Amino acid sequence: MVYFLFAGVFFGGDILYLYLVQENLFFPSTCIRLFFERKRACPFFYLVFFCLIPFFFCSCSESVESEVDLFPAQEDLFVLFPNDLAQGDSARAYFSTGVMLLVHPNGVYEISFDQDPGHEPPKLHLFRTYTKPSMSQRFGLSKIKRLKPKSSGGRNVYTFVCEEKESAFWVMTLEEDGDFYTGKTSNILFTGSGSYSDTLSLNLITVGLIDPIEGTVSVDSLSRLLVQGFRKSYTSIVIDTIYTNHAEDHPTLGSKFPATEYWYAGKSSEDFTVSELGGWPAKGVANALDIVLVHRIEDLNVLGYGGLFSMNLGGGENSTVVVGTEVLTSSGIRTLGAEEIVNVAIHETGHFFGLRHTTSTRQDMEGYLDWSIVEDGFSDTPYCPELIWSGLYKVGEKGKSAMMDARAYGFEFDVAKCPDADLLMFPVSTPGTDKNFSKEQQRFLKQSLMLIPH
Ligand SMILES: [Zn+2]
């Protein structure tokens, strides 16, 4: 049976999946929904049928193994991200029958898992997803190749290179004798390595009116603190230049962002990530990471946004990190000082490159659609079971998750009890400048940056 496969894509991390479903936005996500539409399969079926008939008669005189295209079995596809060690049991459960893979141009990828002595090593089928121009927000699938594994240290190892011009989601299945592989697939690893630069520049973009920020005398001095903070925290990569730009000066979009009005992300415009400002059109700046500073993010207890595994330094969707100068809390407005703004920007940028919270929040797990991912998967970052058990993690007004204000917890929970409270990827903003990334997180950040064209 030939099916057409369509996917709608959504984003996880600090951005809650459900919100985006409601808003019908177009973002990659920890869960991809595939919709099978059999009625639409007929033209495609006939095309494939008549093209393959001559092929069949030419080759049937030889003894050839069957060439099935093993499309995914289920409608919902979970995503494996490169070098992500926090795979949930959902992705593992559907590993043979179909998962998505986030891949980047020219990246060299390896998928491996323990061999099952009771089964022959399966073949790995790879498919490219493509947007169907007549049906926005949906994808079709086209076969790329079938891979046979190499055997190494008792594991099946498959390697491939991503030959795409932009980052993409590919789909894989595992085949055994023309059907889905039924053997065990223990200890799955999906790794990726790129050869792009390990140097990153920053571009601070102010949007609208920005009040004076405590600890600074100007936006330029905030820029200096920002680049100092990034250099101190991101020690595995080179933080090069920081540029400072103002949205009102944008050569084509400037008039949309008057310098005299406060900008409320999520209210002043529907796109709370203000991604149209990403990829700032100036020489040298276009490949910098765009950090958008707005007056406030219009959601309860939310200090910043960074989409998990955004990994886009080229502009457009998922190309920005957003930070507010004040936060809306249940007890009123709180203004952020420069130190906290810098910490939030560093934290959200960690998500941008694929770092998860050291302890998953309720919103994170809802966004992952997987309640088994309770922490980030690194062995050198502790996590805080008390935070999960506390049940105090409130859902934001719009259901979005982000770096939270400590007041969201009320008085019942003391975040200082958490062993990960001093790590930058702790989900709650706490005071102090002595926060850091662990060694494994640093290694991961460098791997991610080098996978991204820039
Ligand atoms: Zn966060």
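How many helices and strands does the protein have? In this predicted model, in which residues are numbered from 1 along each chain as its sequence is written, local features need a pLDDT of at least 70, side-chain atom pairs count only at pLDDT 80 or more, and totals for chains, interfaces and linings use all residues. Side-chain values use heavy atoms, with hydrogens and water left out. The protein has eight helices and 21 strands, where helices (H or I, at least four residues) and strands (E, at least two) are DSSP runs numbered from the N terminus.

Of the 454 residues in the protein, 55% are buried, a term that denotes under 20% relative accessible area, as against over 50% for exposed and the range in between for partly exposed (1.4 Å probe, protein chains only). The accessible surface comes to about 19,600 Å², and 54% of this surface belongs to carbon and sulfur atoms; such areas come from the Shrake-Rupley method with a 1.4 Å probe, and for residues only the protein chains shown count as cover. Among contacts (heavy atoms within 4.5 Å) between residues at least 6 apart in sequence, 75% join residues at least 24 apart.

Strand E18 (residues 320-329) is largely enclosed by the rest of the structure, because ten of its ten residues are buried. Pairing of strands, which requires that DSSP find at least two bridges between them, links E18 to strand E16 (residues 289-300) in the parallel sense over seven bridges, and to strand E17 (residues 302-305) in the antiparallel sense over two bridges. Val322 in E18 stands opposite Val292 and also opposite Tyr305. A further antiparallel pairing, over four bridges, joins E18 and strand E19 (residues 332-335); here Leu328 has Ile333 of E19 as its bridge partner, and a hairpin of two residues connects E18 to E19.

The zinc ion is coordinated by the NE2 atoms of His347, His351 and His357, at 2.0 to 2.1 Å. Donors are N, O and S atoms within 2.8 Å of the metal (3.2 Å for Na, K and Ca), and as water is not among the atoms, sites may look incomplete. The donor residues follow the spacing H-x3-H-x5-H in sequence, and both His351 and His357 are buried.

Helix H8 (residues 439-451) contains 13 residues and reaches 19 Å from its first C-alpha to its last, close to the 18 Å expected at 1.5 Å a residue, the expected span being 1.5 Å times one less than the number of residues. Its buried residues include Phe444, Leu445, Leu449 and Leu451, as well as Glu440 and Gln441. The buried residues of H8 pack against strands E5 (108-114), E12 (189-193) and E13 (199-206) and against helix H4 (219-233).

With a disulfide taken as a pair of cysteine sulfur atoms within 2.5 Å, the count comes to one disulfide, formed by Cys384 and Cys418 with their sulfur atoms 2.1 Å apart. This pair links distant parts of the chain, 34 residues apart, with Cys384 in the loop between helix H6 (362-368) and helix H7 (385-390) and Cys418 in the loop between strand E20 (403-405) and strand E21 (428-429). The torsion about the S-S bond of Cys384 and Cys418 is about -60°, so the disulfide is left-handed. Cys384 and Cys418 are both buried, and Cys162, at 0% relative accessibility, likewise counts as buried.
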